[in-house]
Amino acid sequence: VKDIVLKYQGHPLKKHQAIKASQIFLTRLKNFESKEWRNYSDNFLPTTWPISDKTGDKKVLILPSSRSEVVGHPDWDSKWHDYTIPFKKLIDKLHIQYDKCILRCHPGWSRKIGAIKNDLIEEHYIEWANKLGIYIIPSHSNVSTYDLIKEADIIVVNGSSTAFEAAIQGKLVISIGKSSYSSYNFLINIKSDNDWHNLRLIHEH
């Protein structure tokens, strides 16, 4: 898949291809029946951006991945063993106030998936966000992640497939660490501390 994407990502789709691709995303975004292994959006409720926006600052939505499918696998090892570290660095480098950011805890963290103790992951993220004053939406909340994406200016992920859902809506997506789409050009990739210069590409998105 990576080789195919790198070969063709610079070529525009023909009309019938674009229609077919949009149908695939529509199935996901509208929560129609799909063949995904787990559906987290089946009980989402419509929502609006919960933070007052009087300053005109960029709205940042942080969407950590569940990572349950890849945790512990050497191919997915990252220089950052704690993603809250680069998340904070990113916010600082973008010169955005913490209280203008939202942490949407992954819905999977409130569900048992194999042997992963997701409750510990959520506790860690909530403690981090509370220290900085970041607005928190817990994993058990049925607030629509898709509605939050629509209203956000910047989507921050670390491997989540939500990167595709955000990018197809024209959002600026910044990916931290390794992911299945780390080499693609529909987002800005920060794989390590050596890649912060990639933020210069923001104006191109």
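Visitor: What share of the contacts in the protein with a separation of 6 or more comes from residues 24 or more positions apart?

Guide: In this predicted model, such residues account for 66% of those contacts.

Visitor: Which elements does the protein contain, and in what order do they run?

Guide: The protein has six helices and six strands. Starting at the N terminus, their order is α-α-β-α-β-α-β-α-β-α-β-β.

Visitor: What makes Glu-165 count as buried or exposed?

Guide: The relative accessible area of Glu-165 is 2%. Buried means under 20%, and Glu-165 is therefore called buried. This residue belongs to helix 6, which spans residues 162-167. With neighbours within four places in sequence left aside, Glu-165 is in contact with Phe-25, Arg-28, Leu-29 and Tyr-146.

Visitor: What is the phi of His-95?

Guide: His-95 has a positive phi of about 60°, although this residue is not a glycine. Most residues other than glycine have a negative phi.

Visitor: How do you know whether Cys-101 and Cys-105 are buried or exposed?

Guide: The relative accessibility of Cys-101 is 0%, and because buried means under 20%, Cys-101 counts as buried. Cys-105 likewise has a relative accessible area of 0% and is therefore buried.

Visitor: How many disulfides does the structure hold?

Guide: The structure holds zero disulfides. To be counted as one, a pair of cysteine sulfur atoms must lie within 2.5 Å.

Visitor: How many cavities of 30 Å³ or more are there, and what is the volume of the largest cavity?

Guide: There is one cavity of 30 Å³ or more. The largest cavity has a volume of about 40 Å³.

Visitor: Which residues line the largest cavity, and how do they divide into nonpolar, polar and charged?

Guide: The lining consists of Trp-49, Ile-51, Ser-52, Asp-53, Asp-57, Lys-58, Lys-59 and Lys-100. Two of the lining residues are nonpolar, one is polar and five are charged. Trp and Ile count as nonpolar, and Asp and Lys as charged.

Visitor: What share of the protein is buried, and how much accessible surface does the protein have?

Guide: Of its 205 residues, 42% count as buried. The accessible surface comes to about 11,900 Å², and carbon and sulfur atoms hold 54% of that surface.

Technical notes:
Residues numbered from 1 in each chain as written. Predicted model: local features only at pLDDT ≥ 70, side-chain atom pairs only at ≥ 80, totals over all residues. Heavy atoms only, no water. Helix = DSSP H or I, 4+ residues; strand = E, 2+ residues; numbered from the N terminus. Buried < 20%, exposed > 50% of the residue type's maximum accessible area, 1.4 Å probe, protein only. Contact = heavy atoms within 4.5 Å. Areas by Shrake-Rupley, 256 points an atom, 1.4 Å probe, with all protein chains shown as cover. 1 Å grid on protein atoms, 1.4 Å probe; cavity = no way out; pocket = protein on both sides within 12 Å on 5 of 7 lines; lining within 4 Å. Points joined across faces, edges and corners; volume = space filled by probe spheres on them.
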